[in-house]
Amino acid sequence: MKKVKMTYLGLFLIALTLLFVGCAQEESKVSPTTPTQQNISKIVEEEMHSMMIKALLLHYDNPNTDEVEGVNVNPEFGCQGCHFSKEAVIRMEEWGKSAHGGYLLEVKEKDLNATVNEEVAPAWIHYDFKSDDKLLCQKCHTSTGFRNFVTDPENYNPANNTFLLAGKQREFLYCWGCHRVEDMSFELRNPGKFERVATYSVPEDRISAVPDLGEANTCMVCHSGTSSGEMIKLTDEIKGKDFGAYNSHYLAAGGIIFRTIAYEFEGREYDSPNPHASIENLCVACHMSNGDHTFKAIDETSGKIKAYDNLCSKCHTDEQEVMEAMEKNRKGFEASLEVIKNLLANRGIYYNPYAYPYFYPSPNPKEQIFPNAYRDWSDKDTLGAAFNLNLLYHEPGAFVHNSNYTKQIIYDTIDFLDDGELDYSVESTVSGEAQEFLSDVR
Ligand code: HEC
Ligand code: HEC
Ligand code: HEC
Ligand code: HEC
Ligand code: HEC
Ligand code: HEC
C-alpha cells in the first residue's frame, strides 16, 4: 500500500484565501463612501472569516489522532469530490448527518471543535482500515477501497489500493465513493449483479438467483454480510474457535431480503415469497425516497414512512395500519431475540453484543473479554442459533425487509433451543409480544 503525504490542506487554505481575497477585491472596486457600505464591508469580512473557520474545521482531519476532526479532501477529485453540483448542496447536508457521513454535521452542530469518535461511528473509526492487515475490510470500510472494488469487482486487488491520506486519517463513505466524479457524470457506481460481489460462496443457488437490482447493487456490496449460516454447515470442526470465525457481520439487510445469509435448520421450509424483494431499486426506493441522503426510511421527528406516498401505497392501502404493523412487529422482533438470548444462556452461552466476539461462558460482563470467549460449541445447530441471534440483532430492519422469513428463522431457532428438538414447541416457550409475533409462522 502506497501513501501520499497530505498536502491538500495547503491547497485548501489557498483556495479559501483566494476566495477571501477575491471577495475583498470585489469590494475595494466600490469605494467605501457611505457608512452603510463600510458597515456592509465589515459584516462581509466577519462572515467570510467565520465561514472560513467553519469550513476549515469541517475539512481537516488531524493525521495524529484516531478520531475524525473533519472530512478529507482527496486530491484526485478535489473539492468536486463532494461539492459537485447545485443539486448536491442539500444532499451534502443530509449526508453529513447520515451514518455514511459519520454523523459529522450532527457532531459539529453541537460543537465545531468536537470530533467523530469510535462511539459515534465505529464502522469508520474502530480500526485504521488503510493498514495492510485490513486489506479484506477496505472495500466496505473505506471510500478508496469501495471505489476501486465497484469499478472492477473481477480484478479488484486491495493490495493496489492507494490511500491519499496521512497517518491515522480515516475515510467515511464520501460522495465520490458512490458517485463517478472522475468523468463528471456523477452517475452511481454500479458493480452489477450481487453474484459478482458476494463475500460468501454458499448457498450458491440463492446467491446467483439475486436479480440485477439496479441502483441497489451498490448497496448490496456492503449490506449483505461477510459470512453465511451455510458456511457453518461446510465447516468440519466447529469446536475450539471463538464466534469471530463464524460471524455474519452487520447490517446485512440484503442477506435477509434474498435469504442468502441465515442459518436454516434441516427439515424446515423457508420458501415463502418476500413481497418486498421485487421492489425496483430496492434499498434506494425505500431508504432514499426523493433522493434523500440521510438514508433513513423513517422520518425521525414525525415517525412517518418517507416513501409511503411514492412507493408503499402501491401495495398497501392504509399508512396508519402499516405504521402500526411495523411497530408491533418491531416489539415482537425485539422480544423474540430476547427469548433466544435467554435460551442460549440456559445452555451456558452468554451473549454480549457490545463485547466482540459476543459469546462467553460467563454471564459476568467483567469476564466477557476476548481471551475468555466461548469456544465449546457442542453442535452446529447451537452455533447456528447463536449465529442467527447475532445476525438479527445487527439487522434491526429485518422485520420489514423480509418479515415472513425473519419470523421463520426466529421460530426455528427457538424451537431448537428450547428442548434440543424441532418439534413445534415454541407456543409453550414464548409469551406476550414474542408469542403474538410468532403465532402464525409454522
Ligand atoms: C468529502 C466531502 C467534501 C469535500 C471533498 C469538500 N467538502 Fe466542503 N463541505 C462538505 C460538507 C459535508 C459540508 C457541509 C455542508 C452543509 O453544512 O450543508 C461542506 C461545506 C463547505 C463550505 C461551507 C462551510 C459552511 O459554512 O457551512 C465550504 C466553503 C466548503 N465546504 C469548501 C470546500 C472546499 C474549498 C473544498 C476543496 C478544498 C471542499 N469543500 C471539499 C464536504 C466536502
Ligand atoms: C461486505 C462489507 C464488509 C466487509 C468486507 C467488512 N465489513 Fe465491517 N462492517 C460492515 C458494515 C455494513 C458495518 C456497519 C455495522 C453497524 O454499524 O452496525 C460494519 C461494522 C464494522 C465494525 C463496527 C462494529 C459495531 O459494533 O458497530 C467493525 C469493528 C468492523 N466492521 C470490522 C471489520 C473488519 C476488521 C473487517 C475485515 C476483516 C470488516 N469489518 C469487513 C461491512 C463490512
Ligand atoms: C451510499 C452511496 C451514496 C453516497 C455516499 C452518496 N450518494 Fe448521492 N446518490 C446515491 C443514489 C443511490 C442516488 C440515486 C440514484 C442515482 O441518481 O443514480 C443518488 C443520487 C444523487 C443525486 C441526484 C438525485 C437528487 O435528487 O439529488 C445527487 C445530486 C447526489 N446523489 C449527490 C450526492 C452528494 C453531494 C453526496 C455526498 C455529500 C452523495 N450523493 C453521496 C448514492 C449515494
Ligand atoms: C462502502 C460500504 C457501504 C455502501 C456502499 C453502503 N453502505 Fe450503508 N452503511 C455502511 C456502514 C459501514 C454503515 C454503518 C455506519 C455507522 O453506523 O457507523 C451503514 C449504514 C447504513 C444505514 C443505517 C443508517 C442509520 O442511521 O442507522 C442504512 C439505512 C444504509 N447504510 C443504507 C444504505 C443504502 C441504501 C446504500 C446504497 C445506496 C448503502 N447503505 C451503501 C456501509 C455502506
Ligand atoms: C420495503 C422497504 C425497504 C426495503 C426494500 C429496504 N429497507 Fe431497509 N428498512 C426499511 C424500514 C422501514 C426500516 C426500519 C426503520 C426503523 O426501524 O426505523 C429499515 C431498516 C434498515 C436498516 C436499519 C437501520 C435503520 O435505518 O433503521 C438498515 C441498515 C437498512 N434498512 C438497510 C437496507 C438495505 C441495505 C436495503 C437493501 C438491500 C434495504 N434496507 C431495503 C425499509 C426498507
Ligand atoms: C410490491 C408491493 C409492496 C410494496 C411496494 C411495499 N410492500 Fe410492504 N408488504 C407487501 C405485502 C404483500 C405484504 C404482506 C406480507 C405477508 O403477510 O405475507 C407486506 C408486508 C409489510 C409489512 C409487514 C406487515 C405484517 O403485518 O407483518 C410491513 C411492516 C410493510 N410491508 C411495510 C412496508 C413499507 C414501509 C413499504 C414502503 C417503504 C412497503 N411495505 C412497500 C407488499 C409491498
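This report looks at the overall chain and at the surroundings of two of its ligands.

We're working with a predicted model here. Its secondary structure comes to 19 helices and two strands. Along the principal axes, the C-alpha atoms fill a box of roughly 90 × 50 × 45 Å. Of the 442 residues in the chain, 37% are buried. Take the contacts between residues at least 6 apart in sequence, and 63% of them join residues at least 24 apart.

Now for ligand 1. There are 21 residues around it, and V71, C79, C82, E93 and G96 come nearest. Helix 1 (8–28), helix 2 (35–58) and helix 3 (88–96) are the elements that each give two or more residues to this shell. As for domains, the ligand 1 shell draws at least three residues from domain 1 (1–60) and at least three from domain 2 (75–191).

On to ligand 4, which has 20 residues around it; A99, A123, C219, C222 and C283 come nearest. The elements giving two or more residues to that shell are helix 5 (122–125), helix 10 (217–220) and helix 13 (282–287). Ligand 4 lies between domain 2 (75–191) and domain 3 (222–437), because both give residues to its shell.

Here's how the two shells divide by residue type:

| Shell | Nonpolar | Polar | Charged |
|---|---|---|---|
| Ligand 1 | 14 residues | five residues | two residues |
| Ligand 4 | 15 residues | four residues | one residue |

So which domains sit on either side of ligand 4? They're domain 2 and domain 3, since both give residues to its shell.

Technical notes:
Residues numbered from 1 in each chain as written. Chains lettered and ligands numbered in written order. Predicted model: local features only at pLDDT ≥ 70, side-chain atom pairs only at ≥ 80, totals over all residues. Near = placed C-beta within 6 Å. Helix = DSSP H or I, 4+ residues; strand = E, 2+ residues; numbered from the N terminus. Nonpolar A, V, L, I, M, F, W, Y, C, P; charged D, E, K, R; others polar. Domains from an automatic or database assignment. Buried ≥ 20, exposed ≤ 12 C-beta atoms within 10 Å, placed from the backbone. Contact = placed C-beta atoms within 7 Å.
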